[in-house]
Amino acid sequence: MGRYRIPVRTATRLGRAMLRRGDTSLLRDAADIVAAVSPPALLDGAENIPEHGPFVAVANHFQRRGLWVGFPSALLTCAVERRRPGAPPLHWAVVAQTRLGDGRFPVPGTAWAYREVARCYEMVALPPRREDVLGRARGLRALARLALPPPRGRGEPIAVYPEGERGNADGMVEALPGVGTFLLVLAAGGVPVLPVGFGEPGGRLEARIGVPFLLTRTAGMTRDEQDGQASGEVMSRIAALIPEALRGPHPLAGGG
């Protein structure tokens, strides 16, 4: 397995920014994290990253003991910067709090810590509990304002994990309810989906980037049916980019 560590200087910079209510550079810190990965991470399909305009990157939540999901996130962040030098970096959707026991028990201090990390890096923190409908709606509106082209938004790239924090390196799970509806809202504004598959073949972290596509609505479907169809297509596109053993219940869109 690969070796993953956060450089001390990176953690120190972030910690100071959190305590002093300042900010720090996501691109610089992501580059430091990726440089510390051993053996070096692999990247395939960087040419598929749109050179201009907004997009929403969607990826499997690839995490295991010893491999925090921040490492694949940093790898994609750096890939986008190399493809679009000088453009706004990815705005990630991140969990707003760690909760244990099937979401019943919040871990003390994590709400503050995640909120401050999101602020420092211009990320958007989403409540982890499905019951927090209003909180999740506020977060998704903030993401939409970042991604949608002017005058409705800023027209910048964003990135989400459709599985939330439930996915791991053992295999994909279903997308959270509402993800498909959110992506359809972005699609109506002309924002394409960029599928990304994270894996660790041969013990090396890898990101495989697929071809961007635009989701479309199907007439005659209920809101829930449209949500499920859109989520299913997105997850199957991600599944096509990772080993079959990690795809879980997701068939390949269009035959892979």
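Axes are lines fitted to C-alpha atoms, for helices over the stretch in contact, and angles run from 0 to 180 degrees between N-to-C directions. Helices (H or I, at least four residues) are DSSP runs numbered from the N terminus. The model is predicted, with local features needing pLDDT of at least 70 and side-chain atom pairs counting only at pLDDT 80 or more. Residues are numbered from 1 along each chain as its sequence is written.

**Helices α6 and α7**
- The axes of α6 (residues 179-188) and α7 (residues 223-239) come within 7 Å and cross at roughly 85°.
- The two helices are therefore roughly perpendicular (65 to 115 degrees).
- Contact (heavy atoms within 4.5 Å) involves Val179, Gly180, Thr181, Leu183 and Leu184 of α6, and Arg223, Gln226, Asp227, Ala230, Ser231 and Val234 of α7.
- By class, these residues are five nonpolar, four polar and two charged (Ala, Val, Leu, Ile, Met, Phe, Trp, Tyr, Cys and Pro are nonpolar; Asp, Glu, Lys and Arg charged; the others, Gly among them, polar).

**Helices α1 and α2**
- The axes of α1 (residues 8-19) and α2 (residues 26-35) come within 9 Å and cross at roughly 155°.
- This pair is therefore roughly antiparallel (over 145 degrees).
- Arg9, Thr10 and Arg13 of α1 meet Arg28, Asp29, Asp32 and Ile33 of α2 in the contact.

**Burial in α2**
- Leu26, Asp29, Ala30, Asp32, Ile33 and Val34 are the buried residues of α2 (under 20% relative accessible area, 1.4 Å probe, protein chains only).
- These buried residues pack against α1, α3 (70-83) and α4 (110-121).

Note on methods: Side-chain values use heavy atoms; hydrogens and water are left out. Angles under 35 degrees count as roughly parallel, over 145 as roughly antiparallel, 65 to 115 as roughly perpendicular and the rest as oblique. Buried means under 20% relative accessible area, exposed over 50%, partly exposed in between (1.4 Å probe, protein chains only).
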